[in-house]
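Welcome! Have a look at the structure first, then try each task before reading on.

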Amino acid sequence: MNKPLRRVSVFCLALILALMGWATWIQGAKAVDYKEDPHNPRVAIGKYAAPLGNILVGGEPVTGSAATSSTLKYKRTYKDGSLYAPVTGFTSQIFGSNQLESLYGDLLDGSDSRLQSPTDALTRTRAKGGDVATTIDAEVQKAGYRALGDKKGAAVALDPATGRILGMVSTPSYDPGKFAGSSAADQKAWQRMSADTDDPEVNRALRQALPPGSTFKLVVAAAALESGLYDSVDVPTDSPDPYTLPHTRTTLKNESASAPCKNATIRTALQYSCNTVFAKMAVDLGKDKVKAQAEKFGFDDGKVDTPVRAGKSSYPSDMDEAQTALSGIGQFDDQATPLQMAMVVSALANGGELRTPQLVDELTDGGGNTIQRNGPKTYGTATSARTAAQLRSAMQTVVDEGTGSNAKIGGLTVGGKTGTAQHGVDNSGTPYAWFVSYAEDARGHQVAVAVMVEDGHAARNEVSGNGLAAPIARAMMKAALA
């Protein structure tokens, strides 16, 4: 072979090898990337080629699938979509998915490898979609949704013994079925939701962190008992009334001038929600001890997965003593989600042991066979059993004789704590109303609830945790136990 011909042959061979290498790289190393690329139309075609698996509440599906006339043969449907949207999230042929619909998307559309039989794997056939069974109690969910009504807010109910989320409500809500398809009407529905200034797509129960107001006094009280600052909820505290914030001329007063807050016991201070007592207590403890206690309840943890990730609740670090005092009454830069405050009460109800909140009970394949079951998980020990028992007792006084009277339920032991959190410049905005509580029946079954009303359409001077939030908690506790 002459030299020019040999060069051409080598060049052609190099091109063939390069082509083969490129094809191998595309089909091997990059196959998964292309397969999972949301811009690849085959991904959506495959996902919606058959009915999706379902999300279940109490063993019954709250989702479904409906045939379409497009290349995407099926679209997601929802039963009571607005009621369960904070639980399910949405899946849309155009706008993707979120929450459980996203986290378990592979299971629901049948592409999860755990669903494949040997034959499916060999023939590359997509298996029938599996189901996601939630921990939600339908009656608790409905009770919270009805009680919140047209208010802007959220509520969470937990089983203290297991961490199971029994109810998770966020209002205003949205119907994910209205934009599940790919029609012009679906696109308009999405645009309307996105333009709504009330942000109905935000899961306020998990993601909306706001000042917790006086409900945070439970955390400060726990820190005081755990550290030995006070030995009991029934010993007098060192608490002037009014209280001048350290190194300032600012005087902190109580909501009621006639409340017996001077040197009040923790029980009395919770009963009357004495600002002066807990502001002074936070300063006496110091910000580090309060922060350490808050973190035992879950504050400052940005990785609380239910499995949907919760927004981070935070207790500030960089504070002077005056700011520490304000943080002790749930103001300054304290931030908490309704889930976080439900965790606080859940730990106290469960003898100080905090269970990790969980929304999913089990996963099953297309034939109903369990492929994953979630049991209780311990988050940590928030307080001693003695401290938890004392605070439960004090919370019962709040309901029986104090500011939480609207949470009373005949036949149940109920404890609670009200909260009204200021917001806006110079407290110019309508306050947030909070209520946290637990209830126990004669058999020892419990439920812990946290309610936050961001806007209850009430006059500013009529906003209170007992007036707006406690009736919602009562409805959910009654549905769970009564």
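**Exercise 1.** Which residues of E8 lie on one side and which on the other, and are they buried or exposed?

*Solution.* Keep in mind that this is a predicted model.
Step 1: Side chains in a regular strand alternate between the two faces of the sheet.
Step 2: Sort the residues of E8: Lys-152, Ala-154, Val-156 and Leu-158 are on one side, with Gly-153, Ala-155 and Ala-157 on the other.
Step 3: Check the cover: these residues are all buried, so both faces of E8 are covered. For the strand at residues 152–158, that makes 7 of 7 residues buried.

**Exercise 2.** Find the strands that pair with E8, and state the sense of the pairing.

*Solution.* 
Step 1: Strand E18, residues 446–455, pairs with E8 in the antiparallel sense over 7 bridges. Here Ala-154 stands opposite Met-452.
Step 2: Strand E9, residues 165–171, is also antiparallel to E8, with 6 bridges. In this pair, Ala-155 faces Val-169 of E9.

**Exercise 3.** Does Met-20 count as buried or exposed, and why?

*Solution.* 
Step 1: Locate Met-20 in helix H1, residues 3–27.
Step 2: Its relative accessibility is 51%, and the cut-off for exposed is over 50%, so Met-20 counts as exposed.

Note on methods. Residues are numbered from 1 along each chain as its sequence is written. This is a predicted model: local features need pLDDT of at least 70, side-chain atom pairs count only at pLDDT 80 or more; totals for chains, interfaces and linings use all residues. Side-chain values use heavy atoms; hydrogens and water are left out. Buried means under 20% relative accessible area, exposed over 50%, partly exposed in between (1.4 Å probe, protein chains only). Helices (H or I, at least four residues) and strands (E, at least two) are DSSP runs, numbered from the N terminus. Two strands pair if DSSP finds at least two bridges between them.
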